[in-house]
Amino acid sequence: MLDFLNARTDIRRKAGEIYGVIVAQARQPALYAALGVPDTPGGRYEMLVAHLFLVIERLRAQEEAESPLPRLLVEGFIADMDDSLREMGTGDLTVPKKVRRAATGLYERGLVYKAGLAAADNTALADALGEHVYAGVPDSHAPALAAYLRSAAGALAARGARQVAEGDFSFPPVLTGATEAS
């Protein structure tokens with residue numbers, strides 16, 4: 001009789017597990033050491049957003065478009081941003097504004113990254129990454145990061161949508177992207 005409650009709990013647990021995989025990948029030291037992503041709260045936010053975007057896009061491509069999993073991942077992201085801002089000492093009155101800005105950033109970057117991945121080469125994606133991740137610094141590692149993200153999108157696409165929804169996926173090694181761009 002209460003099976004629907006168990007199903008809700010299971011999908012929330014699964015969303016938490018998938019979000020954990022995304023966070024772990026976004027914290028990979030090679031992103032910061034090999035690809036020059038700034039090791040700052042802003043740089044970590046950008047890597048979290050990029051990896052979250054890739055997984056959400058893959059999940060939205062599945063047959064069951066009505067799955068609550070992408071929404072639950074975004075909810076987990078918002079809760080994580082709220083917790084992180086509070087841990088960094090952001091005032092209670094400022095937290096909602098900054099969380100809203102972080103969520104808006106996820107949406108805006110998702111649009112730009114989606115267009116960049118749809119292009120035949122990495123130029124548009126590298127330009128977007130250069131602007132957001134590297135703050136427009138010339139001679140950044142944006143082309144290498146773009147190659148890595150395209151590789152990660154390909155790895156996710158190679159997995160069945162149901163496998164990704166079950167958390168049965170992994171991201172490619174970070175240095176793969178740096179090697180491809182060289």
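These are my notebook entries on a predicted model, from overall fold down to single residues.

**Ground rules**

I count residues from 1 along each chain as its sequence is written, and for side-chain values I use heavy atoms, with hydrogens and water left out. Since this is a predicted model, I keep local features at pLDDT of at least 70 and side-chain atom pairs at pLDDT 80 or more, while totals for chains, interfaces and linings use all residues.

**Overall fold**

I looked up the secondary structure and got nine helices and zero strands. For the record, helices (H or I, at least four residues) and strands (E, at least two) are DSSP runs, numbered from the N terminus.

Next I checked the radius of gyration, taken over C-alpha atoms, against the globule rule, which is 2.2 Å times the number of residues to the power 0.38. The value is 17 Å, close to the 16 Å given by the rule for 182 residues, so the protein is as compact as a globular protein of that length. The box I noted for the C-alpha atoms, along the principal axes, is roughly 60 × 45 × 25 Å.

For contacts I used heavy atoms within 4.5 Å. Of the contacts between residues at least 6 apart in sequence, 67% join residues at least 24 apart.

**Surface and burial**

My burial classes: buried is under 20% relative accessible area, exposed is over 50%, and partly exposed is in between (1.4 Å probe, protein chains only). On that scale, 40% of the 182 residues are buried. Accessible areas come from the Shrake-Rupley method with a 1.4 Å probe, and for residues only the protein chains shown count as cover. The protein's accessible surface is about 9800 Å², and 56% of that belongs to carbon and sulfur atoms.

I also found a nonpolar patch on the surface, made of Tyr-107, Leu-111 and Val-112, with about 300 Å² of accessible area together. The patch rule takes residues with over 30% relative accessible area and no salt bridge, joining like charges within 9 Å and nonpolar side chains (Val, Leu, Ile, Met, Phe, Trp, Tyr) within 5 Å. Val-112 sits in helix 5 and is partly exposed at 35% relative accessibility.

**Nonpolar core**

A nonpolar core here is a set of buried Ala, Val, Leu, Ile, Met, Phe, Trp, Tyr and Cys residues joined through side-chain atoms within 4.5 Å. The largest one has 51 residues, and Val-55, Leu-73, Phe-77, Leu-129, Leu-145 and Tyr-148 touch the most other members. Helices 1 to 8 each supply at least two residues, and helix 3 gives the most, with 11.

I followed up on Leu-145. Not counting residues up to four places away in sequence, Leu-145 touches Leu-31, Leu-35, Val-37, Met-47, Leu-129, Val-133 and Tyr-134.

**Salt bridges**

I count a salt bridge when a side-chain nitrogen of Lys or Arg is within 4 Å of a carboxyl oxygen of Asp or Glu. The structure has 11.

- Lys-14 pairs with Glu-17, with the closest N and O atoms 2.9 Å apart. The two are three residues apart in helix 1 (residues 3-26), so about one helical turn separates them. Lys-14 is buried at 15%, whereas Glu-17 is partly exposed at 37%.
- Asp-92 meets Arg-86 at 2.7 Å, N to O. Asp-92 is exposed at 57%, and Arg-86 is partly exposed at 38%.
- Arg-159 pairs with Asp-168 at 2.8 Å between the closest N and O atoms. Arg-159 is partly exposed at 27%, as is Asp-168 at 40%.
- Arg-12, Arg-71 and Glu-75 are linked in a network of salt bridges.

**Two residues I went back to**

What does Lys-14 contact beyond its neighbours within four places in sequence? I found Ala-165, Glu-166 and Gly-167.

Then I looked at Ser-67, in the loop between helix 3 and helix 4. Is Ser-67 buried or exposed? Ser-67 is buried, with a relative accessible area of 18%. Leaving out residues up to four places away in sequence, Ser-67 touches Ile-11 and Gln-62. Ser-67 and Ile-11 are 56 residues apart along the chain, and their C-alpha atoms are separated by 9.4 Å.
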